[in-house]
There are 2 protein chains.
Amino acid sequence: MRFSRKDKSFERRNHFKGMVHESEEEHLLEHGVKPTAVRILVWRKLRLKQGAFALKDVEEWLPDMDRSSIFRALRLFTEHNLLHEFEDGMGQCKYCLCRCEGEHHHGHVHFTCVKCGRTYCFEDQLIPPVSLPLNFEMQEAEYLVKGICEKCR
Amino acid sequence: MRFSRKDKSFERRNHFKGMVHESEEEHLLEHGVKPTAVRILVWRKLRLKQGAFALKDVEEWLPDMDRSSIFRALRLFTEHNLLHEFEDGMGQCKYCLCRCEGEHHHGHVHFTCVKCGRTYCFEDQLIPPVSLPLNFEMQEAEYLVKGICEKCR
DNA sequence: GTTTTTCTTGCAACCTAATTGCAAAAACAC
DNA sequence: GTGTTTTTGCAATTAGGTTGCAAGAAAAAC
């Protein structure tokens with residue numbers, strides 16, 4: 001399936017009616033992302049998610065969309081600070097909604113369940129700062145806890 | 001090349017003489033690892049390393065040894081708390097010497113340079129603890145800083 | 001409007017790191 | 001020594017991530 005904004009089916013699929021659509025488009029625009037068909041659909045799926053997700057998850061949420069199109073949308077969103085990308089400790093790359101203004105130095109703590117693989121965002125637990133040796137320049141920090149989540153105990 | 005402890009070339013390759021060899025063997029034995037030829041050679045390469053390393057690094061240090069043999073040695077060492085395994089934030093799995101007694105809850109901070117890919121261990125910076133929601137059971141924690149290292153500035 | 005140019009998308013293919021199956025070799029038990 | 005178990009090297013596979021490219025869509029130029 002090819003996603004195009006001019007497509008009638010795109011409008012139907014996405015309840016293309018005024019306000020809601022506008023605000024999603026504007027949100028992308030505000031972050032410097034041109035709101036194309038694929039990007040609007042992907043963003044619509046992600047914008048309300050609580051935890052972290054992998055490319056594979058988004059593929060399941062949008063089964064008609066091509067893997068590489070999703071991949072490129074996620075990468076673009078990450079580059080424009082709509083998402084934050086990190087490794088989940090189980091060999092997978094995950095994304096979560098980014099609410100940082102400006103620098104990413106102090107994001108929140110993540111928790112990956114070694115049983116089910118889900119990654120949780122503990123948004124109220126900010127990453128405690130540590131001091132680095134001189135001449136080491138921090139760009140971002142990750143704090144990852146591995147263990148058993150509430151659903152798997 | 002097949003690695004065997006009975007092999008004359010193994011003895012020569014590895015300066016198999018008394019004390020040193022014994023203490024390396026014993027260190028493996030103390031951690032419940034049977035000291036085979038491959039494991040002794042791998043451990044001998046790792047035991048004095050400062051920073052973290054990837055499988056690929058060990059392959060370069062032991063060019064005659066098979067990748068999967070090294071892989072299995074590293075996995076075994078990790079299982080027996082000789083090494084600590086983690087993701088370096090650049091999509092690679094890295095290892096560092098583990099000096100934890102018992103639990104891994106509070107390891108040290110790691111720093112990965114986004115330019116050269118090297119991962120440093122800041123052993124004097126222990127990971128500051130965070131509190132988790134009830135019903136989330138911690139097994140281990142990782143604190144990873146990404147940025148530019150002293151050699152790349 | 002039409003044409004030209006640029007950007008986006010879907011598909012297939014590729015890459016790289018990690019991992020496994022298996023048979024031969026080595027180590028171990030007797 | 002023989003028989004059994006473990007280890008090793010090789011080849012192959014998996015899986016996640018990524019890219020090249022041609023066709024389609026959007027934007028710009030006319």
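Me: In which sense do β6(A) and strand β6 of chain B pair, and over how many bridges?

Reply: This is a predicted model. In it, A:Y143 stands opposite B:Y143 in β6(B). The strands concerned, β6(A) and β6 (residues 137–148) of chain B, pair in the antiparallel sense, and the pairing extends over 11 bridges.

Me: Which element gives the most to the side of chain A that touches chain B?

Reply: The contact takes 26 residues from chain A and 26 residues from chain B. On the side of chain A, the elements that give two or more residues are β4 (108–113) and β6 (137–148). With 12 residues, the element that gives the most is β6(A).

Me: How do the residues of the side of chain A that touches chain B divide into nonpolar, polar and charged?

Reply: Chain A brings 26 residues to the contact with chain B. These residues of chain A divide into 7 charged, 5 polar and 14 nonpolar.

Me: How are the two copies related?

Reply: Chain A is superposed on chain B by a rotation of 180° with 0.0 Å of shift along its axis, at an RMSD of 0.0 Å. The same surface serves both copies, as 100% of the contact residues of chain A recur in chain B. The two copies are therefore related as by a two-fold rotation axis.

Me: Which residue of chain A comes closest to the rotation axis?

Reply: The axis in question is that of the 180° rotation that superposes chain A on chain B. The C-alpha distance of the closest residue of chain A is 2.3 Å, and that residue is A:Y143.

Me: Is B:Y143 buried or exposed?

Reply: B:Y143 is placed in strand β6 of chain B. Leaving aside residues up to four places away in sequence, B:Y143 touches B:V109, B:H110 and B:I127, and also A:V130 and A:Y143. A residue with 20 or more other C-beta atoms within 10 Å of its own is classed as buried. Because B:Y143 has 25 C-beta neighbours inside 10 Å, B:Y143 counts as buried.

Me: Why is one side of β1 and of β2 of chain A left without a neighbour in the sheet?

Reply: The open sheet of 3 strands in chain A has the order β1-β3-β2, with antiparallel pairing. Within this sheet, 2 bridges join β1(A) to β3 (residues 93–97), and A:A54 stands opposite A:K94 in β3(A). One side of β1 (53–54) and of β2 (83–87) is left without a neighbour because each stands at an edge, with a single partner strand.

Me: At about what angle to β2(A) does α5(A) run?

Reply: α5(A) lies across two strands of chain A, β2 and β3. Relative to β2(A), α5(A) runs at about 110°.

Me: Which residue takes a positive phi in the hairpin of β4(A) and β5(A)?

Reply: β4(A) is joined to β5 (residues 119–126) of chain A by 5 bridges, and these strands run antiparallel. In this pair, A:F111 stands opposite A:Y120 in β5(A). The hairpin has 5 residues between the strands, and the residue with a positive phi, near 85°, is A:G117.

Me: Which elements give two or more residues to the surface near DNA strand D?

Reply: DNA strand D is surrounded by 26 residues, and the closest are A:K6, A:S68, A:C93, B:T36 and B:S69. The residues of this surface divide into 10 nonpolar, 6 polar and 10 charged. The elements giving two or more residues are α3 (37–46) and α5 (67–79) of chain B, together with α4 (55–61) and α5 (67–79) of chain A.

Technical notes
Residues are numbered from 1 along each chain as its sequence is written. Chains are lettered from A and ligands numbered from 1 in the order in which they are written. This is a predicted model: local features need pLDDT of at least 70, side-chain atom pairs count only at pLDDT 80 or more; totals for chains, interfaces and linings use all residues. A residue is near a molecule or strand if its C-beta atom, placed from the backbone, lies within 6 Å of it. Helices (H or I, at least four residues) and strands (E, at least two) are DSSP runs, numbered from the N terminus. Ala, Val, Leu, Ile, Met, Phe, Trp, Tyr, Cys and Pro count as nonpolar, Asp, Glu, Lys and Arg as charged, and the others, Gly among them, as polar. Copies are superposed by least squares on the C-alpha atoms of residues with pLDDT of at least 70 in both. Two residues are in contact if their C-beta atoms, placed from the backbone, lie within 7 Å. Two strands pair if DSSP finds at least two bridges between them. A residue is buried if 20 or more other C-beta atoms lie within 10 Å of its own, exposed if 12 or fewer, and partly exposed in between; C-beta atoms are placed from the backbone. Axes are lines fitted to C-alpha atoms, for helices over the stretch in contact, and angles run from 0 to 180 degrees between N-to-C directions.
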